[in-house]
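Please look over the sequence and the fold below.

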Amino acid sequence: MNKTIRRASVFCLLMVLALLVRATWVQGYEARALADDEHNRRNTIAQYAQPLGDIIVAGSPVTGSKGTSGGDLRYKRTYTQGELYAAVTGYSSQAYGATQLEGIHSDVLDGTDDRLKNPKDLITGGQAKPGNVLTTIDPGVQKAAYEALGDDKGAAVAIDPKTGRILGMVSTPSYDPSKISGTTDGDAWRKLLDDPDKPLVNRALRQPLAPGSTFKLVVAAAALENGLYGSVDERTDSPDPYTLPGTSTVLRNENASAPCENATLRTALQYSCNNVFAKAAADLGQDKVMEMADAFGFDTEKLDVPVRAAQSVYPTGMDKAQTALTGIGQFEVTATPLQMAMVTSALANGGELAAPHMVASVTDGDGTVLEETEDGDTKRVVEERTAEQLRSAMVTVVEEGTGTNARIAGAEVGGKTGTAQNGVDNSNTPYAWFTSYAKDDSSGKEVAVAVIVEDSGSARSEVSGNGLAAPIAQKMMKAALER
């Protein structure tokens with residue numbers, strides 16, 4: 001063999017070896033990455049090759065599937081009462097992907113999860129029968145929240161304090177996920193994206209805003225836990241009006257005639273005295289207030305229910321005046337409705353916070369449980385005596401103070417109102433908050449709720465936690481006690 005032929009043969013052999021190495025690399029190391037690539041249409045074809053599994057509320061599916069005509073995607077997602085449950089389910093769209101429970105459990109719902117497959121499926125790569133997601137949502141509580149919010153822009157969350165089960169989660173304005181589930185829904189999708197009220201945003205979980213005076217519960221807990229005051233009925237050292245430390249800025253109370261000077265924590269919660277809680281926060285210092293806030297769940301980066309909630313924030317690096325403002329839930333304090341429901345849930349549960357969750361279990365198509373969320377996974381936030389005292393003061397708020405619209409005949413109801421500033425110099429309509437708990441001793445049922453009304457169309461003078469948010473919370477709590 002002459003030199004030219006030999007060199008050509010060696011070169012061809014090296015090329016063949018290079019191709020074999022590349023093929024082996026692709027099959028052995030890159031196969032999973034290629035299979036999971038979002039641009040791999042085979043994944044979408046597989047996802048919609050058969051009817052999807054369902055998201056279940058109280059034993060009944062709130063989702064479904066229907067066949068499509070033409071194209072390579074055989075089925076698309078449908079929703080029962082889509083607007084009512086959108087904040088729970090999210091959407092599953094052939095064109096725009098999947099969110100919330102639809103996204104988190106997509107592999108179970110479309111049958112591609114390996115746990116659903118029998119040995120033959122695993123060997124052949126066949127697709128298994130889809131599984132289901134069973135939620136903790138109570139349809140009565142969910143409906144009460146959705147109907148009570150009505151045309152308001154806002155959100156509401158209800159939690160069972162003992163178990164941590166999320167009984168209701170609503171965000172308004174809502175949307176119907178069925179209208180964006182196909183491949184030809186571009187107009188509906190663009191309309192949702194262009195809507196200034198952002199219906200695709202889950203306000204209950206993903207939009208932290210200033211909590212206003214509802215945050216006073218956290219400050220009161222810090223004051224009791226750190227021994228600043230011995231009880232909710234001990235007189236405080238709180239001048240009225242109160243001048244923010246190191247400034248000439250005078251902080252006044254909404255009700256100028258309220259008995260806020262040196263008021264007890266009970267009276268200060270009853271009348272929502274700004275001077276008492278601003279002074280308490282300044283006296284405690286930002287570190288102690290933050291420690292208390294973080295115990296309730298603020299500043300948690302990964303709060304999954306299992307949908308990830310946005311981080312509620314207690315700020316750092318403040319001077320004393322700024323720390324004082326955080327005492328009334330202003331400056332840079334932010335919270336989601338879920339977070340404020342967690343605060344009242346912990347107080348209702350004797351100071352122990354049960355991990356909030358809205359999925360009870362995930363099953364295969366035959367009902368066999370693949371994964372289950374444990375109820376009552378708790379951590380202690382405050383001592384039982386502190387929780388008991390704050391519940392007592394919250395009852396005073398509802399019975400004699402700023403939260404009278406939350407009363408429920410025959411039940412123990414405690415709460416806290418809040419009106420949070422919105423915009424530079426409070427130039428926009430304030431947010432109306434209410435967070436509360438209710439207990440029925442005869443049945444043993446209880447619930448913790450948080451409601452925010454961002455905009456109801458009411459005049460600024462009519463915006464208050466008691467006027468706008470408390471009636472919504474009352475309807476939710478009543479539905480929960482009757483479930």
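What covers the buried residues of α12? The cover includes α10 (216-225), β10 (242-243), β11 (250-251), α11 (265-271), α13 (286-296) and α14 (320-326). Helices (H or I, at least four residues) and strands (E, at least two) are DSSP runs, numbered from the N terminus. This is a predicted model, in which local features need pLDDT of at least 70, side-chain atom pairs count only at pLDDT 80 or more, and totals for chains, interfaces and linings use all residues. Residues are numbered from 1 along each chain as its sequence is written, and side-chain values use heavy atoms, with hydrogens and water left out.

Helix α12 (residues 274-284) is largely enclosed by the rest of the structure, because 10 of its 11 residues are buried. Buried means under 20% relative accessible area, exposed over 50%, and partly exposed in between (1.4 Å probe, protein chains only). Among the buried residues are N274, N275, F277, K279 and L284. After α12 comes G285, with a positive phi near 90°.

The loop between β9 (166-172) and α8 (186-194) holds S174. S174 counts as buried because its relative accessibility is 18%. Its side chain reaches the backbone oxygen of E83 at 2.7 Å. Leaving aside residues up to four places away in sequence, S174 touches E83, A86, Y146 and P199, where contact means heavy atoms within 4.5 Å.

The protein as a whole has 17 helices and 20 strands. Of its 483 residues, 51% count as buried. The C-alpha trace spans about 105 × 55 × 40 Å along its principal axes.

Conventions: Polar contact = N/O pair within 3.5 Å; in protein donor to acceptor, adjacent residues only side chain to side chain.
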